[in-house]
Every structure is written in C-alpha cells, then in structure tokens.
Amino acid sequence: MRAKKPEIIEASRPKLLVSGKSGAGKTMFALEFPGVYLIDTEGGATREQYKERMTKNGAVYMGKEEGSQDFKTVMEEVRWLATEKHEYKTLVIDSFSKLYNVTAAIAEEKIGNEVGRDKKEANRPTRQLMRLLDILDMTVILSCHQRDKWERRNGEILHVGTTFDGFDKLEYEL
C-alpha cells in the first residue's frame with residue numbers, strides 16, 4: 001500500500017500565478033522572495049529599480065541575451081534547477097506571457113494561426129514546463145500580463161472582466 005497518513009505528508013513549495021496590469025508591482029513582489037533565480041523574458045532586469053532589488057536580495061537573472069525568450073533554453077535552465085544542487089529557492093519567470101506569446105508568434109510564422117494552431121504549438125512546451133515545475137523543489141512564480149476576458153452568452157460576446165495572458169490551463173496547473 002502506498003497511501004500515507006496526512007500528518008506525515010510534507011508540504012510542497014508554492015507555485016504561483018501572478019497577473020496584473022503593467023506597473024502593478026508583479027516583478028517587485030516576486031523579487032522579495034528568498035533566493036530568486038529570475039528568467040527575465042522582457043529585459044526588465046536591466047532597469048535600475050530591479051537591479052537594486054536583485055542586488056539587495058542576492059537574486060540572479062537570465063535575460064534575453066542568455067535565451068530567456070527561447071522555450072528550449074528555459075526548459076534546460078529549469079531542468080538544471082530541478083536536478084542539480086544549488087542555492088536558489090525561488091524561480092521567477094517574468095513574464096511567462098512574453099515567453100508563451102513569442103513561441104506562438106514563431107509558430108504563426110511557420111504554420112499560421114488557423115483554428116489556434118499557433119497557440120497549440122506554444123501549449124506543447126508549456127505542458128512540459130508544467131511537468132518540470134511539479135518536480136522542482138522551489139517556490140515558483142509565473143508572472144503574466146493581464147488581458148480582457150470575453151464570453152459568449154445567448155449569441156452575444158460580452159466583456160466579463162480580466163484574466164491572465166498565456167496558456168489557459170495555467171490557473172489549474174499552478
């Protein structure tokens with residue numbers, strides 16, 4: 001039998017999805033966590049306020065020059081973090097929306113976007129990333145842009161609020 005008593009189950013590290021408008025403080029919030037390994041897909045880590053926060057908290061970052069907008073490279077970094085001994089405690093991908101949308105844009109150039117083909121191509125590595133994040137013994141923060149949410153009701157398309165921009169299953173995966 002493989003079942004355990006609840007009192008001996010160890011809590012896993014939190015996996016968070018943070019979404020909001022530009023300037024809401026998502027990055028600053030994430031940089032307050034201990035031992036941050038930042039995968040910076042937008043180039044924001046070079047801004048003075050972020051450099052100061054990262055220096056103060058001992059964070060490191062991987063930027064666009066190191067391949068942060070390439071899913072394969074990001075997966076290699078996460079795989080390294082999941083399998084090697086290191087001092088980092090928190091993985092931040094800022095923004096996951098940028099990584100996802102760049103991947104979809106590359107797919108759109110190659111195969112088009114009919115019936116969401118471009119998004120399906122971006123979903124593939126995202127599902128693999130989610131699998132890796134499950135085994136990663138770190139707190140994970142995926143920062144996403146905010147976008148409008150629309151629903152079809154009684155033949156009408158209505159604006160019903162906002163949601164995050166990216167893989168639509170993220171809220172369930174995390």
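How many nonpolar, polar and charged residues does the lining of the largest cavity have, by class? The lining has three nonpolar, no polar and three charged residues. In this classification Ala, Val, Leu, Ile, Met, Phe, Trp, Tyr, Cys and Pro count as nonpolar, Asp, Glu, Lys and Arg as charged, and the others, Gly among them, as polar.

The structure is a predicted model, in which local features need pLDDT of at least 70 and side-chain atom pairs count only at pLDDT 80 or more, while totals for chains, interfaces and linings use all residues. Residues are numbered from 1 along each chain as its sequence is written, and side-chain values use heavy atoms, with hydrogens and water left out.

The protein chain contains six helices and six strands; these are DSSP runs numbered from the N terminus, helices being H or I with at least four residues and strands E with at least two. Their order from the N terminus is β-α-β-α-β-α-β-α-α-β-β-α. Along the principal axes, the C-alpha atoms fill a box of roughly 55 × 50 × 30 Å. Of the 174 residues in the chain, 39% are buried, where buried means under 20% relative accessible area, exposed over 50%, and partly exposed in between (1.4 Å probe, protein chains only). Among contacts (heavy atoms within 4.5 Å) between residues at least 6 apart in sequence, 61% join residues at least 24 apart.

A cavity is a set of points where a 1.4 Å probe fits but cannot get out, a pocket is an open set with protein on both sides within 12 Å along at least five of seven lines, and lining residues have an atom within 4 Å of a point. Grid points are joined across faces, edges and corners, and a volume is the space filled by probe spheres set on the points. A search of the whole structure finds one cavity of 30 Å³ or more, and the largest cavity holds about 30 Å³ of space. Its lining consists of Lys15, Met130, Leu133, Asp134, Glu173 and Leu174, with the largest share, three residues, coming from H5. Helix H5 (residues 117–135) also contains Arg131, which counts as exposed because its relative accessibility is 56%. Arg131 and Glu173 are 42 residues apart in sequence, and their C-alpha atoms are 9.1 Å apart in space.

H1 provides the largest share, three residues. By class, the lining of the largest pocket has five nonpolar, nine polar and six charged residues.

Aromatic pairs were assigned to rings of Phe, Tyr and Trp (its six-membered ring) with centres within 6.5 Å; planes under 30 degrees apart count as stacked, over 60 as edge-to-face and the rest as tilted. By this rule there are four aromatic pairs. Phe71 and Phe96 are both buried. The rings of Phe96 and Tyr100 have centres 6.0 Å apart and planes at 35°, so this pair is tilted. Phe96 and Tyr100 are separated by about one helical turn because they are four residues apart in helix H4. Tyr100 counts as buried, at 3% relative accessibility. Phe71, Phe96 and Tyr100 form one aromatic cluster.

Two loop residues were also examined. Ser68, in the loop between strand E3 (60–62) and helix H3 (71–83), counts as buried because its relative accessibility is 0%. Its side chain reaches the backbone nitrogen of Lys64 at 3.2 Å. Not counting residues up to four places away in sequence, Ser68 touches Ile39, Asp40, Thr41, Met62, Gly63, Val74 and Leu99. Asp165 lies in the loop between strand E6 (156–164) and helix H6 (170–173) and is buried, with a relative accessible area of 18%. The side chains of Asp165 and Asn101 are joined by a polar contact of 2.9 Å. A polar contact is a pair of N or O atoms within 3.5 Å; within protein, one must be able to donate a hydrogen and the other to accept it, and residues adjacent in sequence count only if both atoms are side-chain atoms.
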